[in-house]
Amino acid sequence: MTPQPNALELADLVMHFGPVRAVDGVSLTIPTGRVTALVGESGSGKSTVGRCVVRLEKPTAGTVRIAGTDVTGLTRRQLRRHRGDVSIVFQDPAGSLDPRMLVGEIVAEPLRLSGARLSRRDRATRVTEELGRVGLRAEVARRYPHELSGGQRQRVSIARALISEPKLLIADEPTSALDVSVQASVLNLLADLQRDIGFACLFITHDLSAVEYLADDIAVMYLGQLVEQGPRERIFARPAHPYTQALLAAAPVADPVRQRQRQPVLLGDDLPSALDPPSGCRFRTRCPLAFDRCATEVPAEVAFGGGMAACHLVQPDGTRPDVRAADPSEVLS
Ligand code: SF4
């Protein structure tokens with residue numbers, strides 16, 4: 001049996017908007033059927049990565065490969081053939097659903113755009129099935145988006161994204177515009193659908209506590225670059241990069257034992273500008289462990305345990321000496 005191609009491969013992806021280096025060399029692989037959470041603060045470039053994958057942005061450099069096909073250089077026309085392979089669910093369902101279209105038309109639209117030859121009746125059946133899968137009744141198809149709640153609208157977005165049976169779903173902060181009370185149910189729905197259908201997913205979020213529902217792997221992004229990657233359990237249990245540690249410390253977790261074990265690490269200042277990122281390690285202006293070398297030398301990626309971390313202090317086994325009380329130059333020499 002030939003092995004299945006990875007659902008997504010990004011190689012050295014770069015997206016500059018004029019002088020703004022929004023994405024600056026991101027390499028990431030999502031195997032078939034797996035979920036990677038792309039985590040970082042707003043302004044880290046994580047949504048731009050998602051927009052490059054679905055070609056809402058044309059990358060400045062690098063390669064995007066979806067289900068084995070290099071789609072980077074394809075024209076819009078050529079891309080249409082691959083449209084069904086990847087779908088996106090946006091943050092704000094109110095903004096992403098056309099208010100003049102009925103829900104049934106919205107959900108069926110990807111089938112129409114893909115050129116699938118279906119009778120009206122077959123298309124309506126598919127829409128009903130898809131609405132049922134996301135927990136909505138068939139009559140919702142005859143409503144307009146404004147007649148629905150925020151949570152229902154996001155379910156409609158998910159139904160539309162999945163009707164073409166994509167190999168890869170980009171979920172860009174899918175719950176952050178929703179009431180806290182419905183966020184968990186939408187995340188649970190996505191997790192259930194992912195398990196049942198088996199699509200791969202790039203789950204973009206600033207909220208590490210949401211990652212626990214859904215992700216197999218985590219990639220942490222800071223100012224346009226990945227600083228750490230690895231299996232979710234390892235990252236939660238032993239974050240190697242100081243930035244990941246700070247993000248985890250800021251995120252509440254359900255498990256009270258683990259919550260108590262957390263050492264708070266304060267991030268301090270705001271994210272620096274992607275117009276003029278700090279020299280050396282981009283995190284150095286906020287890193288509690290920064291030392292001289294961090295200002296002059298870009299940290300190499302240290303590979304370990306199915307992932308990596310880019311920090312001068314991370315050792316080949318993924319550990320980091322506790323240098324808070326010591327002189328870091330001694331540890332490193
Ligand atoms: Fe902090 Fe230096 Fe590591 Fe960057 S390389 S995360 S500044 S210790």
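Buried area is the accessible area, taken with a 1.4 Å probe, that two parts lose on being put together, summed over both.

**Entry 1: the model.** I noted that this is a predicted model, in which local features need pLDDT of at least 70 and side-chain atom pairs count only at pLDDT 80 or more, while totals for chains, interfaces and linings use all residues. Residues are numbered from 1 along each chain as its sequence is written, and side-chain values use heavy atoms, with hydrogens and water left out.

**Entry 2: the two domains.** I looked up the domain assignment, which gives domain 1 (8-215) and domain 2 (241-333); such bounds come from an automatic or database assignment. The C-alpha centres of domain 1 and domain 2 lie 31 Å apart.

**Entry 3: the interface.** Taking contact as heavy atoms within 4.5 Å, I found 13 residues of domain 1 in contact with 15 residues of domain 2. Between domain 1 and domain 2 an area of about 1100 Å² is buried, and carbon and sulfur atoms give 56% of that area. On the side of domain 1, I wrote down R21, E41 and L208, which supply 47% of the area that domain 1 buries against domain 2, more than any other three residues.

**Entry 4: charged pairs.** I then searched for salt bridges (a side-chain nitrogen of Lys or Arg within 4 Å of a carboxyl oxygen of Asp or Glu), and the rule finds two across the interface of domain 1 and domain 2. I also recorded that the side chains of E41 and R286 meet in a salt bridge, at 3.0 Å from N to O.
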